[in-house]
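This report describes the fold, the nonpolar cores and selected residues of one protein model. The sequence and the structure are shown first.

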Amino acid sequence: MDIALYLLAALLIVGGLAGAVLPALPGIPMLFGGIWLAAAVDGYRHLGLWWLLLIGALGTLGVIVDFVAGTLGAKRVGASKRALWGAGLGTLVGMFFGIPGLLFGPFLGALAGELASGTSVLRSAHVGVGTWLGLLLGTLVKVVLSFVMVGLFGLAMLFG
């Protein structure tokens, strides 16, 4: 039974790493679930409470960055409140349209919100691009944090 549980943990970890890039998968929660499952099967001998808290805190940070990155990108370029709401709504609606929706939803939402606030098309496009760059940076941070989580897990299993 332990082998099956370790295999499930490994699948969750690999799926979590894939989910750090693919928006259809809840990457960091899957990753943390796999790490926690492996620790539980091991009887928490190598990966105890403090390791799990540290890895969990990094995972929480990654989830937060994932949710707010697009909005922060829009805010960085001086977006209006409507554009910020549009970016958030575009992200939410985009989730239902897979990768294209998650790539273009926040951009289109910020663009529409900025246009609704009465600014020019060029300025609205600038805000949309800022939102999109924020999302790219957020994804990069999420990927880095995911690999740090796996690295800490490996360190704990080797030396913990």
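## Basis and overall fold

Helices (H or I, at least four residues) and strands (E, at least two) are DSSP runs, numbered from the N terminus. The model is predicted, so that local features need pLDDT of at least 70 and side-chain atom pairs count only at pLDDT 80 or more, while totals for chains, interfaces and linings use all residues. Residues are numbered from 1 along each chain as its sequence is written, and side-chain values use heavy atoms, with hydrogens and water left out.

The protein contains 6 helices and 0 strands, in the order α-α-α-α-α-α along the sequence. Along the principal axes, its C-alpha atoms fill a box of roughly 60 × 25 × 15 Å. With contact taken as heavy atoms within 4.5 Å, 64% of the contacts with a separation of 6 or more join residues 24 or more positions apart.

## Surface and charge

Residues are classed as buried under 20% relative accessible area, exposed over 50%, and partly exposed in between (1.4 Å probe, protein chains only). Of the 160 residues in the protein, 39% are buried.

Lys and Arg count as positive and Asp and Glu as negative, whereas His and the chain ends are not counted. Each charge is placed at NZ of Lys, CZ of Arg, CG of Asp or CD of Glu. There are 7 positive and 4 negative side chains, and the centres of the two sets lie 19 Å apart.

## Nonpolar cores

A nonpolar core is a set of buried Ala, Val, Leu, Ile, Met, Phe, Trp, Tyr and Cys residues joined through side-chain atoms within 4.5 Å. The largest such core has 16 residues, and those touching the most other members are Ile35, Leu47, Ile55, Met149 and Phe153. Two or more residues of this core come from each of helix H1 (2-19), helix H2 (27-41), helix H3 (49-76) and helix H6 (121-159). Another core, of 7 residues, lies apart from it and includes Ala83, Leu84, Ala87 and Ala110.

Beyond its neighbours within four places in sequence, Ile35 is in contact with Ile13, Leu47, Leu52, Ile55, Met149 and Phe153.

Tyr44 lies in the loop between H2 and H3 and is partly exposed at 38% relative accessible area. Its phi is near 60°, a positive value in a residue other than glycine. Most residues other than glycine have a negative phi.

A salt bridge is a side-chain nitrogen of Lys or Arg within 4 Å of a carboxyl oxygen of Asp or Glu. The structure holds 1 salt bridge, formed by the side chains of Arg45 and Asp42 (3.1 Å, N to O). Arg45 is exposed, with a relative accessible area of 62%, whereas Asp42 is buried at 4%.

## Two leucines of helix H6

Leu133 belongs to helix H6 and is partly exposed, with a relative accessible area of 47%. Leu133 and Leu52 are 81 residues apart in sequence, and their C-alpha atoms are 32 Å apart in space.

Leu122 also has its place in helix H6, where it is exposed at 72% relative accessible area. From Leu122 to Ala18 the separation is 104 residues in sequence and 35 Å in space, C-alpha to C-alpha.
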